[in-house]
Amino acid sequence: MKKEIVVCRCEEVTLEEIRQWINRGYDSFDELKRVLRVGMGPCQGRGCRDIILKEIARAKGVPVSEVPVGTFRPPAKPVKLGILAEGGDK
Amino acid sequence: MTWKNKAEAVVIGGGIQGVSTAYHLAKMGMKDVVLLEKGTVCSGSTGRCGAGIRAQWGLEMNCRFGLACVDRFEHLHEELGMDVGLNQGGYLMVAYEEGEYNQLLANMALQNRLGIDTHIVDYDEAKEICPGLAAEDAVGFTFNARDGHADPFLTTFAFQEAAKRLGVTIHKYTECTGIRVADDHVVGVDTNRGSIDAPVVVNAAGGYSQFVAKMAGLEIPNYSERHEILITEPVEPGVCPPMLMSFSGNYYIQQRPHGSIIGGCSPEGHPADFQLGNSWDFLEHMSKTFTKLLPRTKGVRVVRQWSGLYNMTPDRAPIMGEADAIKGFFLTCGYSGHGFMFGPVSGDLMAQLILTGKTSIDIDPLHYRRFAEGKLLIEPAVV
């Protein structure tokens, strides 16, 4: 199998990088987000979050249900500045 | 990480101030430094900030500080062995009012005297620096090409990794719950995980520094204000090469090297309720600012908005120094929105103060006693 497995496609972060930083102690989704930008791209982690949570669970030897999912921030979906600038009904 | 109940110094707070101070203490030879962070490193104000670095200030001390920080950031990568995302696209200051422009010119004269190469640019030159800029209504601009921004996460983590290599112990998810003082000297801290005896305790708790000071019985006039910010999807570089900043326009906007554009402003009503929420009002207001100033961003999408705390002091200058009646209790807080850019240098100065009692830049005026003595350091150049 090829070594280069891209987990976060928005920011092009590989599985190997994620495992390296988990080993350095960055073993929560939000810490990995801050150091590698995983989940900061336009998809906001829809593609990579589950895979990364499973990696954290594996490294820590805990069930994935015990790994905090990290912070979700608005907007839920990217919105154009031009549309937001027009405002809305108050 | 194993728990040791003794240390030479305990640093409270895992933002840039705490991590930089811990790193510099170890670098200067301290063997047993412990840092406490109630969440994870860089999860507070530092990780939420606008990331700017500038020498364009209006007070001599801040100019000296800012210039030292620009110098330091230029060499951080080699010193710490990790990229810190430095991008020196300059700060383009935009004045919309006559009085504001005169203040920029006065600041520039001071900066030039101190060796900072700030200069006036006209609207055409401003548009060369920032193609697509729409600021016909501006009165004037100043520009310093060495200003810019860096990645707050990478900078703090670079300090963290270097500190760990020097033997600093970093405890995350560890909240300071009390500070023990005996005979006018700090003797240790209590935490949710146990106690640590230490003759030196550093308050680098950012938005919560006033509460940490109170644990030692010290009242400081800091308060914490919520500021909001947003970031767009990455677009091609060159949409906003400099940091655009205006005090009357109430904005700062910059584009990170990987393409995302970040923008924020000072909040209406100055909320100080320790909430870290996001508002629709900010999103709409900031989108109007973006599209007016940079019309070609209309089709660029916002991917995220968040907020963070500015730890404010009455004169918007930081508090640095040792507590008068509690020897060994040091404060480095109240950076009022510019703690990230000062961090690499202020951590160095704090370590110098703690270990030698002297500092390479005079920080005596930054002691909190200035508030009682009425010797405020009012900085005119802040958003």
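Between chain B and chain A the count is two salt bridges, a salt bridge being a side-chain nitrogen of Lys or Arg within 4 Å of a carboxyl oxygen of Asp or Glu. Before I go on: this is a predicted model, in which local features need pLDDT of at least 70 and side-chain atom pairs count only at pLDDT 80 or more, while totals for chains, interfaces and linings use all residues. Residues are numbered from 1 along each chain as its sequence is written, chains are lettered from A and ligands numbered from 1 in the order in which they are written, and side-chain values use heavy atoms, with hydrogens and water left out.

Back to the chain contact. A:Asp27 forms a salt bridge with B:Lys172, with 2.9 Å between the closest N and O atoms. The contact, meaning heavy atoms within 4.5 Å, takes 29 residues from chain A and 37 residues from chain B. The two chains bury about 2,800 Å² between them, 59% of it on carbon and sulfur atoms. Buried area here is the accessible area (1.4 Å probe) that two parts lose on being put together, summed over both.

Next, chain B by itself. Its domain assignment gives domain 1 (9-47 + 153-222 + 315-373) and domain 2 (87-146 + 225-310); the bounds come from an automatic or database domain assignment. Taken over C-alpha atoms, the centres of domain 1 and domain 2 of chain B are separated by 30 Å. Eight residues of domain 1 of chain B are in contact with four residues of domain 2 of chain B. These domains bury about 510 Å² between them, 64% of it on carbon and sulfur atoms. On the domain 1 side, B:Ser45, B:Tyr208 and B:Gly337 lose the most area to domain 2, together 52% of what that side buries. The count of salt bridges between domain 1 and domain 2 of chain B is zero.

Now the second largest pocket. A pocket, on a 1 Å grid over the protein atoms alone, is an open set of points where a 1.4 Å probe fits, with protein on both sides within 12 Å along at least five of seven lines; lining residues have an atom within 4 Å of a point. Where does the second largest pocket lie? Domain 1 and domain 2 of chain B both give residues to its lining, so the pocket lies between them. Its lining has 24 residues, and A:Arg37, A:Met40, B:Asp151, B:Phe153 and B:Ile231 lie nearest the centre. Helix H2 (29-36) of chain A, with helix H5 (152-165) and strand E17 (301-312) of chain B, are the elements that give two or more residues to this lining. Helices (H or I, at least four residues) and strands (E, at least two) are DSSP runs, numbered from the N terminus.

A:Arg37 forms a salt bridge with A:Glu11, the closest N and O atoms being 3.3 Å apart. A:Arg37 is in the loop between H2 and H3 of chain A and A:Glu11 in the loop between E1 and E2 of chain A, so the pair ties together parts that are 26 residues apart in sequence.

Last, backbone geometry. A:Glu12, in the loop between strand E1 (6-8) and strand E2 (13-14) of chain A, has a positive phi of about 50 degrees although it is not a glycine. A cis peptide bond joins A:Pro74 and A:Pro75, with omega about -5 degrees.
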